[in-house]
Each structure stands twice: as structure tokens, then as C-alpha cells.
Amino acid sequence: MSVTRTTELRRLADGGRGRVALGVLGALVAVLAWSAVSGSSENIYFPSLLEILERTATYWPTPEGVDNLTASLRTLGAGLGLAVLVGVAAGLLIGQVPVVAQTVSPALEFVRAIPATALVPFAMMLFGVGDEMKVFLIALGCVWPILLNTADGARGLDATLLDTARVFHVTGLRRALGVVVPAVLPRVLVGVRIAVPLSLILMVTSEMVGAQRGLGYVITQAQATFQLLTMWSGIVVLGVLGFLLTTAYSALERLLLRWCDPKRVSS
Amino acid sequence: MVLPTLARPAPRVPRRRPARGRLRGGAVLLPLAALAVAVALQEALTRTGVLPGSYFPPASQTAAALLVELGGATLWQTLGSTVSTWLLALLIAVPLGTAVGTVLGLVRPVEAFLRPVVEFLRPIPSVALIPLVVLTIGTSARSALFLAVFASFWQVLVPAIAGVRSAHPIALDTARSYSFTLWQRLRWVQLAAMLPHLATATRLATSTSLILVVTAEIIIGIPGLGHEITMSRSVGNPARMYAYIVVSGVAGIVINAVVKRLERALFVSHGIGAQA
């Protein structure tokens with residue numbers, strides 16, 4: 001390729017519309033390559049993309065598929081919601097009251113270091129294999145990044161800001177909502193961003209070990225009964241779910257950041 | 001050669017006041033006291049039957065189980081296999097993610113081209129691939145390795161792309177005026193800019209890959225800490241289960257501390273002091 005062509009391509013990749021065009025092209029090429037390679041594949045473990053998509057379209061809209069999907073989403077939402085509530089509340093407390101921080105932080109460091117899934121058997125022993133177990137596990141695993149980031153944010157609150165609030169007699173709920181929350185929110189959002197992919201991992205794991213419903217259950221069942229198309233369709237659905245979740249969260253994050261500091265976020 | 005610090009001088013941060021209400025010697029005494037109270041309370045509640053002893057064995061029993069395991073061979077073998085799989089995963093994922101990230105960061109058209117594929121593959125929870133991995137790779141430690149590498153690769157890749165591009169334009173121009181070769185530019189300008197990004201990425205990848213290794217051990221049944229934890233539960237020996245959970249926590253702490261120390265050593269050697 002000549003030098004001018006490369007610079008042209010480079011400029012294209014920098015511009016907004018050029019990037020999108022290249023991206024769409026890349027996605028198309030990837031899908032075509034996958035279907036071309038898998039279409040002629042004799043390997044039963046890697047069925048053709050067309051068949052996978054066909055199965056995705058036939059299985060997941062059925063009542064059974066919708067039921068599994070909503071069961072997963074419900075536990076995911078409940079677990080993540082619980083983690084955010086507990087993590088922010090405990091993080092604010094730990095970050096603002098030094099005695100509490102000193103007392104509990106070594107214990108927190110220890111519990112946090114336990115790989116979240118190592119607690120699967122523990123959760124199963126406590127709650128059996130019901131929905132409570134799944135919600136508990138997701139909340140337990142996701143609470144740490146949120147808690148630690150919130151505590152860090154609350155600890156680093158600008159002293160001038162707090163003093164100003166005191167001078168103007170801003171106290172109680174107004175102080176919490178008007179001063180502390182906007183100042184801590186960016187850190188909370190960072191914590192939740194780490195927690196979102198973790199919550200998906202924990203959701204699938206908990207559904208694989210003990211459940212009668214959910215995406216993880218469908219995938220493992222399909223593998224056990226050798227329905228490879230259903231298994232692959234489950235993986236595709238999970239990929240789409242993960243993509244939608246992270247995209248939606250990024251949008252929410254931008255919105256909230258703009259709310260708590262209109263000047264800083266310009267992009 | 002130390003890279004001229006071309007980053008803008010950091011705005012002066014007002015010195016923080018010493019936190020109010022901090023007790024002298026509290027950093028050691030308070031947590032110890034809290035721990036002692038918690039353990040004593042747990043012991044008392046389980047001995048008196050307020051908490052069901054079959055779910056929560058008294059702390060002394062867990063400690064006894066831990067001591068027994070510390071004397072046996074199983075603990076060390078399983079710990080060894082978990083840690084070695086984890087370490088191998090990190091040794092593959094971090095350099096691979098850095099290398100691919102560097103290329104994608106430098107060659108923008110390729111990055112724009114591949115971005116949607118990355119964005120689709122990245123959020124797939126890698127545990128979803130467990131059934132596929134069981135069918136294709138089998139139930140050996142290699143499955144756990146693959147899953148851990150798959151999960152942590154993306155966590156390194158994306159920051160690496162951002163890191164390569166975060167090099168200061170003036171530093172890049174300077175490198176050009178001194179006609180640096182591509183390698184020199186990467187080594188002395190761009191790597192230094194990447195380091196903070198890579199450090200965060202490595203720390204995330206550390207915990208993610210440990211989670212994935214343990215998950216694979218629990219679900220697939222690969223020998224390791226995770227497998228021992230589930231086995232202890234299913235044979236009805238909760239004290240041993242808690243003992244292994246404690247071991248996994250200690251392993252996590254040690255691993256995090258080692259990564260943090262390496263990180264600091266690397267920073268110091270590159271003249272980026274006082275970080276983290």
C-alpha cells in the first residue's frame with residue numbers, strides 16, 4: 001500500500017464517521033468469516049453460525065426461554081441492587097468515621113481477597129439452591145469494589161467543601177444529598193463499573209451449580225444433553241446481554257457524572 | 001535514561017488535615033480487638049446453639065480443621081495447582097494483552113476495524129464458555145487456564161490501547177526530532193505512558209483470573225482450592241470448607257501484595273514515583 005493510502009486510512013480512522021464505517025465493516029467481516037469457517041465445518045462442537053442464530057431465534061422467544069431469561073435478569077438486578085445499597089451505605093460510613101475504618105478494614109481486606117466464587121458452596125449451604133442463594137452470592141461478590149471505592153471517595157472528601165457546608169449550616173439530609181453524594185458519586189460509579197461484569201460471572205456460576213432456571217442452567221443442561229446448538233445460542237445471548245448491560249451502564253454513568261459535576265464532563 | 005517528565009505539573013493538592021478522632025495505636029489494636037470480639041462472639045453463638053453449628057461450626061473447629069490440613073499434603077498440592085494455573089494465566093494474559101493492545105493502539109485503522117468484535121467478546125462472562133471448554137479442551141487444568149486467560153486478556157487489552165495513546169504529544173515530537181526508532185519510541189516514551197494503565201489492568205486481571213480458576217475448579221472439578229471447598233461441603237464437613245475458604249482468602253491477599261510490590265518496583269525503576 002502506498003504511503004498516501006495509509007495516511008488516508010489513518011485519517012479515516014480518526015474521524016467519527018470513518019470509525020463507524022470501519023467498525024461496521026469489521027463486524028461484517030467477522031460475522032462472514034465465522035459463518036464461512038463454521039458453515040463448512042465438520043466439527044460438531046462448532047456448528048455453523050446460521051444454525052446457531054436460527055436456534056437463538058426459535059428457542060429464546062418461547063415461554064420457556066423468556067422464563068429463563070427473566071429469572072436470570074431478576075436475580076442479577078436484585079443482587080446488584082443489594083450490592084449497591086449495602087456497598088454505598090457501608091462505604092460512606094467507613095470513609096467518614098475513621099474509628100470504624102480502622103476497626104474493620106483489615107477484616108474487609110481479607111474477605112475481599114477471597115475469590116467470590118469460592119463462596120458458592122458457602123452460599124449453597126446457607127440458602128440451599130433457591131433464588132436467595134443466587135442473589136446473596138451476586139451481592140456478596142459485587143459489594144467489595146463498590147464499598148472500597150465509596151470509602152476511598154468519602155475519605156478523600158475535600159475539606160474546604162465540608163467546611164463550607166458547615167459555615168452555611170448545611171446539615172443532615174441536605175448535606176448528605178447536596179454535598180456528600182455528588183462528591184462521592186464518581187467513585188461509586190467506578191466501583192459499580194467493576195461490579196457489573198463480576199455480577200454476570202456470579203450469576204452464571206450460581207445458575208450452573210444449583211438452579212432449575214436461568215441462562216447458566218440452560219447452557220449447562222444443553223451441554224449435558226449434547227444439544228450444542230442450544231448451548232451456543234445461550235452463549236450468544238449472554239454475549240448480547242453483557243454488551244447491552246455495559247453499554248447501558250456507560251450511558252447511565254455519563255448521565256450521572258454530568259449531573260454531579262456539569263463542568264468537568266465535557267466529552 | 002529517564003524520560004523527561006513532560007506530563008503537566010500536577011496542581012498542588014491542599015494538604016489534608018489529620019483525620020479527627022483517630023486513636024493512637026489504633027491501627028493495630030482496634031482491628032485486633034474487633035477480630036477477637038468477632039471470633040469470640042461467633043464461638044459463643046455457635047456453642048450455645050443460637051447459630052446452627054452444622055452451618056457455622058465454631059471458629060475453634062475451623063481453626064483445628066485448618067491446622068490438620070496444614071499438616072497434610074492435600075492443602076499444599078491443591079494450593080500449588082491453583083496458584084500455578086493462576087500465575088501462568090497472568091503470565092500469558094498480561095504480555096499478550098499488552099502486545100496486542102500496543103499494536104491496536106498504534107495502528108488506528110485496525111483498531112477501528114476490530115473494535116466491535118472486541119466490544120462483543122469482552123463482556124461475555126467467560127464462565128459461560130465452561131460447557132464449551134469442557135467439551136473441547138476437557139476437564140484438565142488447561143481448561144481453567146484458558147478461561148482465566150480469556151477473562152483477563154480483555155481487561156489488559158483495553159487499558160493498553162488507551163495507554164499507548166496517552167503518551168504526551170510533546171514527548172512524541174521530541175522522540176521524532178531525535179529520530180528515535182520505533183523500538184526506542186515504544187521503549188522510552190510509550191511504555192512509560194502505559195505503565196499506570198497497565199498497573200490498574202494487572203491488578204484487575206489478578207483478581208479476575210483467580211476467580212476464574214476457582215470457578216473452573218468448582219464447576220468442572222479440576223483439582224484445586226475451589227474443588228476442595230465444594231467437596232468439603234458435599235461430604236458434610238463445613239469446618240474443612242471454611243478452612244479452605246480461609247486459605248483462598250490468604251492466597252488472595254498474598255497474591256495482591258506481591259503484584260502491588262512488583263508494580264511499585266517497576267514504577268520506581270521508571271521514575272514514576274509515589275504512585276499507589
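User: How do you know at what angle α4 and α9 of chain A pack, and how far apart are their axes?

Analyst: This is a predicted model, and in it helix α4 (residues 63–96) of chain A packs against helix α9 (residues 172–209) of chain A at an angle of about 145°, with the axes 9 Å apart. Two packed helices are described by the angle between their axes and the distance between the axes. The crossing of α4(A) and α9(A) is right-handed.

User: What makes up the contact between α4(A) and α9(A)?

Analyst: Contact here requires C-beta atoms within 7 Å, and the α4(A) residues that meet α9(A) include Ser72(A), Gly79(A), Ala83(A), Gly87(A) and Leu92(A). From α9(A), the residues taking part include Val184(A), Gly191(A), Ala195(A), Met203(A) and Glu207(A). Sorted by class, the contact of α4(A) with α9(A) has eleven nonpolar, six polar and one charged residues.

User: How confident is the predictor in chain A, and where is its confidence lowest and highest?

Analyst: On a scale from 0 to 100, chain A has an average pLDDT of 84, and 94% of the residues score at least 70. Within chain A, helix α1 (residues 3–14) has the lowest confidence, with a mean of 69, whereas α4(A) has the highest, at 91. For the model as a whole, the scores are ipTM 0.77 and pTM 0.80.

User: Which part of chain B has pLDDT under 50?

Analyst: Residues 1–7 of chain B stay under 50, and the model has ten contacts beyond four places in sequence for them. Where pLDDT is low, the predicted coordinates should not be read in detail. Chain B averages 82, with 88% of the residues at 70 or above, and among its elements the lowest mean belongs to α1(B), at 78, and the highest to helix α3 (residues 74–106) of chain B, at 92.

User: Why is Ala205(B) called buried?

Analyst: The cut-off for a buried residue is 20 or more other C-beta atoms within 10 Å, and Ala205(B) has 26, so Ala205(B) is buried. Ala205(B) lies in helix α8 of chain B, and, leaving aside neighbours within four places in sequence, Ala205(B) is in contact with Leu90(B), Ala93(B), Val94(B), Ser152(B), Gln155(B) and Val156(B). The C-alpha atom of Ala205(B) is also separated by 8.8 Å from that of Ala148(B), 57 residues away along the chain. Across chain B, buried residues make up 40% of the 276 residues.

User: Why does Phe226(A) count as exposed, and where is Phe226(A) found?

Analyst: A residue is exposed with 12 or fewer such neighbours, and Phe226(A) has 10 C-beta neighbours inside 10 Å, so Phe226(A) counts as exposed. Phe226(A) is found in the loop between α10 (215–224) and α11 (228–260) of chain A.

User: What is the phi of Phe226(A), and what is that of Ser179(B)?

Analyst: Phi is near 65° for Phe226(A), a positive value in a residue other than glycine, and near 40° for Ser179(B), again a positive value in a residue other than glycine. Most residues other than glycine have a negative phi. Ser179(B) sits in the loop between α7 (169–177) and α8 of chain B, and with 8 other C-beta atoms within 10 Å Ser179(B) is exposed.

User: What makes up the side of chain B that touches chain A?

Analyst: The contact takes 54 residues from chain B and 55 residues from chain A. On the side of chain B, α4(B) gives the largest share, ten residues, and by class that side has 37 nonpolar, ten polar and seven charged residues.

User: Where does UniProt place that domain feature in chain A?

Analyst: The unreviewed entry places "domain: ABC transmembrane type-1" at residues 69–253 of chain A, and over those residues the chain is 86% helix and 0% strand, with the end C-alpha atoms 25 Å apart.

Note on methods
Residues are numbered from 1 along each chain as its sequence is written. Chains are lettered from A and ligands numbered from 1 in the order in which they are written. This is a predicted model: local features need pLDDT of at least 70, side-chain atom pairs count only at pLDDT 80 or more; totals for chains, interfaces and linings use all residues. Axes are lines fitted to C-alpha atoms, for helices over the stretch in contact, and angles run from 0 to 180 degrees between N-to-C directions. Helices (H or I, at least four residues) and strands (E, at least two) are DSSP runs, numbered from the N terminus. A crossing is left-handed if the near helix is turned anticlockwise from the far one by less than a right angle, and right-handed if clockwise. Two residues are in contact if their C-beta atoms, placed from the backbone, lie within 7 Å. Ala, Val, Leu, Ile, Met, Phe, Trp, Tyr, Cys and Pro count as nonpolar, Asp, Glu, Lys and Arg as charged, and the others, Gly among them, as polar. UniProt positions are given in the numbering used here, feature names are shortened, and annotations may be inferred rather than shown by experiment.
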